[in-house]
Amino acid sequence: VLNIAMHKLSKLLDSERSSIFLSNPLKGQLFSFSSLDLEREEVRMPPSTGVAGWVYRNCQPLIVNNVQDDQRFNDSVDQMTGFRTCNIICAPLIDQRGACMGTVQSLNKKGKGFTADDLKLLGVSAHLIAVAINNSRLYNELETTNEARGRLIKRVVGRAFSYPKFV
């Protein structure tokens, strides 16, 4: 579903590609979560680097229409993937508690650079993506809890029927 969303977002913003980076607080990294051209977790970076890192740390959206002139841009991902980023628009993904859980970004708007209207559109998209990710996480937690509950019931019921019967 999120890969489809990235494809639609690229079309909507008239950009070359879009991707989602999520935070892994245990490893202190942002990692590629959904992208049409990257494998999940193919790209990992500390949240202290790059435009996505800046957006994540500051929990604020950002447009950089000439990445070569912006010190926040980190070209290591371009070097790794062989892609050349010219401009970028990036927004934070905010969870239900108000914490930043990652970023969504779009690269290389065709024609002129990204605009304030693009940023509004990306902000709405970021909200919907964050809701979808939160719902997916909650569903997975619920599924895990139900599986554990089922195993417990089987154990309790199994014990109840394993005692010898007295006649």
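What percentage of contacts in the chain between residues at least 6 apart in sequence join residues at least 24 apart? The figure is 53%. Keep in mind that this is a predicted model.

1. **Fold order.** The chain has four helices and six strands. Follow them along the sequence and the pattern reads α-β-β-β-α-β-α-β-β-α.

2. **Inside and surface.** The chain has 167 residues, and 39% of them count as buried.

3. **Charged pairs.** Side chains of opposite charge can pair when their charged atoms come close. Searching the whole structure turns up three salt bridges.

4. **Arg72 and Asp70.** These side chains form a salt bridge, with N to O at 2.7 Å. Arg72 is partly exposed, at 27% relative accessible area. Asp70 counts as buried because its relative accessibility is 15%, and the cut-off for buried is under 20%.

5. **Asp95 and Arg97.** Here the N to O distance in the salt bridge is 2.9 Å. Asp95 is buried, at 10% relative accessibility. Arg97 reaches 65%, so it counts as exposed, since exposed means over 50%.

6. **Lys109 and Asp118.** This salt bridge spans 3.1 Å from N to O. Is Lys109 buried or exposed? Lys109 is buried, and Asp118 is buried too.

Note on methods
Residues numbered from 1 in each chain as written. Predicted model: local features only at pLDDT ≥ 70, side-chain atom pairs only at ≥ 80, totals over all residues. Heavy atoms only, no water. Helix = DSSP H or I, 4+ residues; strand = E, 2+ residues; numbered from the N terminus. Buried < 20%, exposed > 50% of the residue type's maximum accessible area, 1.4 Å probe, protein only. Contact = heavy atoms within 4.5 Å. Salt bridge = Lys/Arg side-chain N within 4 Å of Asp/Glu carboxyl O.
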